[in-house]
Amino acid sequence: MRPYFEKMTPLGKALTDKQKEAAQENIAQIREVEKEVAKAVDAVKNAGIPTETIHKRGQMTVWDRIEYLVDPGTWCPLHTVYDPNLNEEGTTGVIDGLAKINGKWAVVIGFDNKVMAGAWISGQADNQLRVTDMAKRLHIPLVWIVNCSGVKLMEQEEVYANRRGNGCTFFRHAELEKLGIPILAGIYGTNPAGGGYQGISPTLLIAHKDANIAVGGGGIVGGMSPKGGFDEEGAEQLIEATRHFKEVPPGSVPIHYGVTGFFKEVYDTEQGVLDALKKYMDMMPAYDPAFFRVAEPKEPQFPTEDIDSIIAFNQKRSYSLEEMMARVFDNSEHMEFRPGYGPEVYTGLAKIDGFLVGFIGNRQGFLGAKYPEYASYPGIGGKLYRQGLIKMNEFVTLCGRDRIPIVWFQDTSGIDVGDIAEKAELLGLGQSLIYSIEQTDVPQICIVLRKGTAAAHYIMGGPTANNHNAFTLGTPTTEIYVMHGETASAASYSRRLVKEKDANRPLKPIIDKMNELAQEYYNKSRPVYCAKRGFVDEIISFKDIRKYVVAFAGSVYQNPNSICPQNHLMIPRIIKG
């Protein structure tokens, strides 16, 4: 199959000086959003006690530990500003992402020991579920940096119970292990109760000399005989118990290395623990990348920084999807699937770091006077029509057959509506695409370039595809809502306007409410808001799109649990005809 992939169809062309000059305002608008994102990220990094305080204790922060652990230049952070319940801490208390460790991809997550000593806090359970989902879907190791003080007891109802409470993580660890996905843990500090199970549930435990894991901590042990209240005698007993367990916490190294043997290895330095994790990552199952590559890796022909000039910040302006992709694909080459059919969407194959990946994306702009063929009105890019839905169903199904991972470039205003669209079966075709995704069973990611709107956001590989979407990325131009704010205002208040008009009452109070709702939709669809609420897993700069797609492709092909031999691939042959 080498002739299919060594030289594929060229894509894109260099930007002219005139185009670069015309894009300066566009770039400036993007930079303003990037500043907002950077401010939100800095707030998370500075959450809790100061870094200097941790360093004075002779300890590393979770940020220090991750930086030491991962290979330089490979860290792809995820869920950095995720804080769905808007905690007073401003974070879920864990930091995670994709990275290489000694040349192998892993999902990495660590408790933020600056924030309540790594306590369980609101929103953290869902963050951990997203992370375990990602390791499961990509079939790569999960590496934990455990430093967890247990439940934030003042808000236990937010974290302890419920179907998706923090304890769910332990079952997810067991599920990963059942599937043959190893979990490595480097353990620091005091880890009682929930922290103890965070420590014991991984596959292999590496401990720092001062670490402990236990069913309960000193405060819990000292208060395990409640009398219905507190008095002077009880307080004295609690003081004595706390002092004892502060000196010798339960479940320390002498117990879990010297007696139970739960700790595989123990190290005197924090770096020693991390070096051991690197050592064990060397032992993780992984194919040599050359086994699955269809060609030698090559950088795109055009700089990724160009994308700031290509993607229009103004949502009403169109742009060239192909020019954007030319800044992502290896050597700016591709193979398009059914180019003359369903013109509102692109479907095709490209190389990413030498690996074969399927791509689907929304084209923008006028689609021609005779499209869609079932209607008298002209088609506009971003919206989905019958042919485009059929083409995506076909391509997704074939990617499943060929075991090719999929990247969705989403910028959609929704699916065509009205009786004409219903006669064209768009409702059924949309759900058919969901079925195609669900039965395809290949890893997928979604990058919301601009709009993620209505049911189209679901069916185009969005985060609701829980079993297949490994993660979703947003950009400085991302906005996600069920419909545009003005559309929502019109739908919500149109009948009220009629009622007020017929009663000869002033319309201004209703108009004010409509404008308020439209503004609220705008405020709650901004990139930082989308990341905080978990609509996307991270907001990234356009220039980093290729970096994340490279990480995705490398992870998928590292140790897949299902493969299609290259000489059995059908999509390239169907494209060739």
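Reader: Why is Cys564 called buried?

Author: Happy to explain: Cys564 has a relative accessible area of 16%, and buried means under 20% (exposed is over 50%, partly exposed in between, with a 1.4 Å probe and protein chains only), so Cys564 counts as buried. This is a predicted model, where local features need pLDDT of at least 70, side-chain atom pairs count only at pLDDT 80 or more, and totals for chains, interfaces and linings use all residues. Residues are numbered from 1 along each chain as its sequence is written, and side-chain values use heavy atoms, leaving out hydrogens and water.

Reader: How do you know whether Cys564 is in a disulfide or in none?

Author: A disulfide is a pair of cysteine sulfur atoms within 2.5 Å. The structure holds zero disulfides; for Cys564 the nearest cysteine sulfur, that of Cys399, is 11 Å away. For Cys168 the nearest is that of Cys148, 15 Å away.

Reader: And what makes Cys168 buried?

Author: Its relative accessibility is 19%, so Cys168 counts as buried too.

Reader: Cys399 is in helix 15. Why are helix 15 and helix 17 called roughly parallel?

Author: Helices are DSSP runs of H or I, at least four residues, numbered from the N terminus. Helix 15 (residues 386-402) and helix 17 (residues 426-440) pack at about 10°, their axes 9 Å apart. The axes are lines fitted to C-alpha atoms over the stretch in contact (heavy atoms within 4.5 Å), with angles from 0 to 180 degrees between N-to-C directions. Angles under 35 degrees count as roughly parallel, over 145 as roughly antiparallel, 65 to 115 as roughly perpendicular and the rest as oblique, so this pair is roughly parallel.

Key. Helices (H or I, at least four residues) and strands (E, at least two) are DSSP runs, numbered from the N terminus.
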